[in-house]
Structures are given as C-alpha cells and as structure tokens.
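Keep the 3D view open as you read.

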Amino acid sequence: EAEEEKVCVLSDFNLSEIPSEVFSLTSLRCLELNRMELSVIPEAITVLSDLTSLSFSQNHIQELPIFLSTLTNLTELELIRNKVTVLYPELHALTNLITLNVFSNPINSPPFEIIKTILPKRGESSSKVGFPGQGQLSKQTPSPHVVLSFLRALLVARSSLSLSLSNFELIQWPRESYDLPELRQICMDENLLRAIPDGIANLSRLTSISLVGNHIKVISDMLSEVTGLTFLNLERNRLETMPSFMASFPRLRTVSFANNLLTVFDPSLFQCSHIESLSIRGNKMREIPPEIASLYQLSDLDYRNNPIIFPPEDILSQGLAVMMKFYVNIMSCAPACSFRDMEQDARGDKLCLDSFALARLPLIVFRGLPRPGEDWSEQRVRRDRWAYGMTQLASLSIQGNMLEELPDGISRIARLSSLLCSLNEIRVLPESLGTLTSLRMLDL
C-alpha cells in the first residue's frame, strides 16, 4: 500500500477472497482488485466508506450487491469482464459516480438500450485495463447518468406505484416493470417501443398508461386484462386500428389516439360510457359515427386534422354539444340492420332535426353513409345499420333550419307520412316528392 496516496492495488494476485487486512485500511480512496479469482464481493467492503475508486475487472463476480450503494463517495466503479447479470435499483444511490464500467458482462437488466449508454464507443478502450485491439484509452468516459436515472425510476416506483421511464430510447417493454405488479401508473413517453406485449397482463392494477411518441403498431389482447384503466394515451404512435377490446375498460375517462394512422373507430369504444375526453386528432378519420352519442359524459372531443365528411360541417361547426344532440336524435330513430352477425331492430320512426342550422338534409337520413374510412366514390356498401339511410321513417321534422331545397333522394323514405319543413328557405320541391304515396302531412 502507498499510504500517502491512500491506494491499494492487489491486481494479478491469484486470490479467491479479498485479504481481511484490506478492511482495516479505512482511509482508502482507491482499491484495485483486477484479474484475480474473486467470485463474491464481501459486505465487509462497506467499511471503506472513503473509497472513490473501486475496480473488480476480470474476475468471476456474478452479483453487484445492493450494499455497495452505501459507498456513496464512489466516483469510479469498474467490473469489466465479469458475470454480472443485474444492476439493482438501489445502486442509484451512487450519485457521485462519474464512471460505471460494466463492459463485457451478460447484463439483462437494465435493458441493453440503457446499458449501451455506458459502453465504450467503437474504437475506444473499455477502461484502463487494456484489451488487445480495442484502441487507445478514451479521455471521454460515458456518463452513468442514464443508468442511474433508470434505476432511480424503478426504485421510486416501488413506493409511489408510478413508473416513469420517458426519453430512454427503449425499444422493448422493460421486463423490470413486471416486478412491480402493484403499479397504478406507467409513463414511457418518447421512447422507441414497437408494441404493448402480452406481459402487460402482469400489470393488471394499472389505472393510467401513457405511451406518447413511440412506434407502437401492435397492442396485445392481454391489455384487456387491465380492466381498471381510467387514462390511456397512445398519441403519436403508428396504430392503424383501435383495439377491439375497448369495452374491457368500463372506467375509462380519458383516451387519446391522436396522430396515429387510424381510419375508423372500433365499435367497442362506444361501450366506454364514462369517457369524458377523447382525442382522434391527426388521423385519417372520415366519419364520427352516430354511436358516439352513447358516450353521454363526453365533454371534450378533439377531431382536428381529419378528413371528416360526416357529420356535416353544418353540425361540426357548432361544437360538441350540438353534435351530440344531433346524434342523440339520429340514434333515437336508428334504422334496422339485417347483415349477418350484426342484426339490429329499428329504434323509432319519428325523426326531429329542428333548429340545427342545416343547409342540406344530411345524407344519413335518405341515403346512408359510405363504408367506414371511405367516401362515396368507392361504391362499396357498408355492413351496418347506416348502409341505406333511415328509410323506415314515418315522420320527419326539419323545421327552423336553412334548407333551400329538398334532395331527390327523399323519395327513398317510402313510408314517410309526415314531412314538416316550415321556417326554412325552400323555394322548389323535387318531383320525386310525388312518389311518396303515404305522405299525408306536408308543412312548408
């Protein structure tokens, strides 16, 4: 030992244990135990609380024990070429670390995306322990900040039940989260995740999931096991379809699919009757279907930057409250559906669309809607109750709007017996109106 330098170097000795005499050197600042036969780090090392540099490179150590976290003065910790598989969350307490070198260990936790931030760059040496063909020693040692932040997040989550792992460039869902089955909230925004995996079922107590700004294309059906969800944010991903099991989340209140690649709603969403806030902004939606009226607590709907063709602009421009009222009236007279596996009876035959500032009679009334995600140019019939219009109607009231004409297609409502059109600006009636042989009341 060089007492004046407070350094102890025992490297290259064929020892399987650290000599007990070392632990009496309580003023040590630097301890090098490289290229020995060590397989365990003894807890006695914690008496060397002044250590700032500790190196165990090229041994047989399989575990970096939790008690090392008490050596809070460490600025350099090296375990190159050992057999360590896990860095425990408690090690985040080593906040003074400038160098954490675990090169050439079979580490599987934290994930590689985290560990790579402390690995030497190609062409640089991995440490002051030379390896043939690995270049010269780098003067810039990778900071362990990312690793320590990841470990800290895991440790905090144990007590807070909230795991925040945003901006870590994670490619795969971190398996460390599965060791926290009591989690209530998880936030992994701004990573590179490609899927929500089957393992999400291990986190069945989650109430909040935020995965903004990832690359998610696939959502496992096992997400349906997380039945207590109240908050789901999948904004800025690569989803082409909504999950088909949205009904599994009866408590859902806030959901965002903004800035994905969606073209249609999944009908299961409309069973989440407690939704208060819904965002589909920045997708490829052409239609907000009438069934959205079942979301009776909805107070915020963001549909901006979608090529919406229905509901008509006359309705959209008046805001959410008017749109919901319009749809409630439409749904009260929803037509029947006879398509196989989608059979539904008609709900009513008296439709009132008074005072909606309509400039045209909506197509849904007399023609129907195009196939979801398409427009009328596709010429393909949709397979639900909105395929052919509300032809079952016996009474239609469209008073107090801004209509200048009635469409020829109104003749498709063959059973119409009452048509109330007063307080509009209608000047000419279509000839097809004469084919409505059941019409008994026409009020202009």
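The model is a predicted one.

Start inside. The largest nonpolar core holds 124 residues, and Ile45, Leu87 and Ile292 touch the most other members. Now centre the view on Leu87. Beyond its neighbours within four places in sequence, Leu87 is in contact with residues that include Leu64, Leu100, Val102, Ile107, Val147 and Leu151. Ser109, Pro110 and Ile115 are also among its contacts.

Turn to charge. There are 12 salt bridges in the structure. One of them joins Glu182 to Arg205, with the closest N and O atoms 2.7 Å apart. Glu182 lies in the loop between β6 (162-164) and β7 (185-187), while Arg205 lies in the loop between β8 (195-196) and β9 (208-210). Glu182 has 35% relative accessibility, so it counts as partly exposed. Arg205, at 45%, is also partly exposed.

Next comes Arg382, paired with Glu287 at 2.8 Å, N to O. This pair spans 95 residues, from the loop between α5 and β16 (395-397) to the loop between β13 and β14. Arg382 counts as buried because its relative accessibility is 3%. Glu287 is buried too, at 11%.

Finish with Arg281 and Glu235. Their side chains meet in a salt bridge of 2.8 Å, N to O. The partners are 46 residues apart, and both are buried. Arg281 and Glu235 also belong to a salt-bridge network with Asp302 and Arg304.

Terms used. Residues numbered from 1 in each chain as written. Predicted model: local features only at pLDDT ≥ 70, side-chain atom pairs only at ≥ 80, totals over all residues. Heavy atoms only, no water. Core = buried A, V, L, I, M, F, W, Y, C linked by side-chain atoms within 4.5 Å. Buried < 20%, exposed > 50% of the residue type's maximum accessible area, 1.4 Å probe, protein only. Contact = heavy atoms within 4.5 Å. Salt bridge = Lys/Arg side-chain N within 4 Å of Asp/Glu carboxyl O. Helix = DSSP H or I, 4+ residues; strand = E, 2+ residues; numbered from the N terminus.
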